[in-house]
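Trainee: I would like to go through this structure with you one question at a time. Please begin with the terms that I will need.

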Amino acid sequence: MSDTLAKNMALIEAKLENTGAKLIAVTKTKPVNILQGAYNLGLRQFGENKVQEMVEKYNQLPKDIAWHLIGHLQTNKVKYIAQFVAYIHSVDSLKLLAEINKQAAKNERVINCLLQIYIANEATKFGLNESELFNILESEEIKNFENIKIIGLMGMATNTDDTQIIKNEFQNLKLLFDLVKNKYSTKNINFSELSMGMSSDFELAIEQGSTMVRVGSSLFGNR
Ligand SMILES: *Cc1c(COP(=O)(O)O)cnc(C)c1O
């Protein structure tokens with residue numbers, strides 16, 4: 001079991017070598033012993049998509065793990081993760097950002113946030129469009145958010161076998177990333193991370209400039 005994990009990890013890390021992209025191990029639905037196995041192999045960046053599941057795992061595992069929330073986050077649940085979450089990849093409104101800032105302040109922390117952009121040709125995916133993104137970055141409120149840092153963008157490509165479609169979507173997200181990176185830089189806005197790519201498309205994502213790939217099934221097997 002952890003033999004397979006070690007092999008999968010080596011294969012993926014070989015593909016990430018010299019690309020500047022970091023591996024976020026997506027551990028959703030996997031039991032704690034699997035996460036402990038991944039930890040023992042040296043992984044420290046874990047991604048979960050549900051608040052309650054993340055809290056339960058956080059409580060049982062070593063405290064030097066950096067937890068990445070990658071799934072849709074409801075405002076009323078921020079308080080459960082504010083004490084420990086390192087990165088929230090799925091920020092999709094100013095209201096959510098305000099709540100993250102408030103809960104981070106209560107815990108005397110600064111939480112790294114990525115804004116999720118809608119890039120897919122699918123009605124089921126969450127995220128902001130470009131004008132919503134600019135509205136957030138140019139809002140007056142954001143200047144007062146001292147307990148968040150906007151560090152990047154996240155996107156999910158269409159679930160398709162057509163690599164040209166996926167490539168185009170990643171390329172467009174990279175263009176948008178470069179644009180906001182150059183245009184917006186303040187105390188709490190500093191774009192350095194582009195979170196794109198999962199098991200089926202992380203190689204395409206890296207070619208297009210991803211800095212964080214979120215990989216689950218290629219590491220741990222199918223869910
Ligand atoms: C589940 C999930 C992943 C990982 O998916 P795999 O196909 O298992 O690699 C990546 N990103 C998000 C947002 C997810 O929910």
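Mentor: A residue counts as buried under 20% relative accessible area, as exposed over 50% and as partly exposed in between, with a 1.4 Å probe and protein chains only. This is a predicted model, in which local features need pLDDT of at least 70 and side-chain atom pairs count only at pLDDT 80 or more, while totals for chains, interfaces and linings use all residues. Residues are numbered from 1 along each chain as its sequence is written, and side-chain values use heavy atoms, with hydrogens and water left out.

Trainee: At what relative accessibility does Glu108 count as exposed or buried?

Mentor: Glu108 is found in the loop between H5 and E5, where helices (H or I, at least four residues) and strands (E, at least two) are DSSP runs numbered from the N terminus. Its phi is positive, at about 50 degrees, although Glu108 is not a glycine. By the cut-offs above, Glu108 counts as exposed, its relative accessibility being 74%.

Trainee: Which phi value does Thr29 have?

Mentor: Thr29 sits in the loop between strand E1 (22-26) and H2, and it counts as exposed at 52% relative accessibility. Thr29 is a residue other than glycine, yet its phi is positive, near 70 degrees.

Trainee: How many helices and strands does the protein have, and what is its radius of gyration?

Mentor: The secondary structure comes to 9 helices and 8 strands. For 223 residues the globule rule (2.2 Å times the number of residues to the power 0.38, for a radius taken over C-alpha atoms) gives 17 Å, and the value for this protein is close to that, so it is as compact as a globular protein of that length, with a radius of gyration of 17 Å.

Trainee: What percentage of the residues in the protein is buried?

Mentor: The C-alpha atoms fill a box of roughly 50 × 40 × 30 Å along the principal axes. Among contacts (heavy atoms within 4.5 Å) between residues at least 6 apart in sequence, 60% join residues at least 24 apart. Of the 223 residues, the buried share is 52%.

Trainee: Which exposed residues does H3 carry on the face turned away from its buried side?

Mentor: In helix H3 (residues 51-60), the buried residues are Val51, Glu53, Met54, Lys57 and Tyr58. Seen down the axis of H3, they fall within an arc of 160 degrees, so they line one face of the helix; the arc is that of the directions from the helix axis to the C-beta atoms. This buried side packs against helix H2 (32-40), strand E2 (45-48), strand E3 (66-69) and helix H4 (78-81). The face turned away from it carries the exposed residues Gln52, Asn59 and Gln60.

Trainee: Which residues does Val32 touch, leaving aside those up to four places away in sequence?

Mentor: Val32 has its place in helix H2 and counts as partly exposed at 21% relative accessibility. Not counting residues up to four places away in sequence, Val32 touches Lys57, Gln60 and Leu61.

Trainee: Which helices and strands are included in what covers the buried residues of H6?

Mentor: Leu133, Ile136 and Leu137 are buried in helix H6 (residues 130-137). They cover an arc of only 95 degrees around the axis, which puts them on the same side of H6. What covers them includes helix H5 (94-106), strand E5 (111-117), strand E6 (148-155), helix H7 (163-183) and strand E7 (189-196).

Trainee: Which residues does Gln208 touch, again not counting those up to four places away in sequence?

Mentor: Gln208 lies in the loop between helix H8 (202-207) and strand E8 (212-215). With a relative accessible area of 11%, Gln208 is buried. Beyond residues up to four places away in sequence, it touches Lys167, Phe170, Gln171, Lys174 and Met196.

Trainee: How much of the accessible area that the ligand has on its own does the protein cover?

Mentor: The residues around the ligand (one heavy atom within 4 Å) include Val26, Lys28, Ile70, Met156 and Arg214. Polar contacts (N or O atoms within 3.5 Å) to ligand oxygen atoms come from a backbone N or O atom of Gly216 at 2.8 Å, from a polar backbone atom of Ser217 at 2.8 Å and from a polar side-chain atom of Arg223 at 2.7 Å. On its own the ligand has 390 Å² of accessible area (Shrake-Rupley method, 1.4 Å probe), and the share that the protein covers is 90%.

Note on methods. A polar contact is a pair of N or O atoms within 3.5 Å; within protein, one must be able to donate a hydrogen and the other to accept it, and residues adjacent in sequence count only if both atoms are side-chain atoms.
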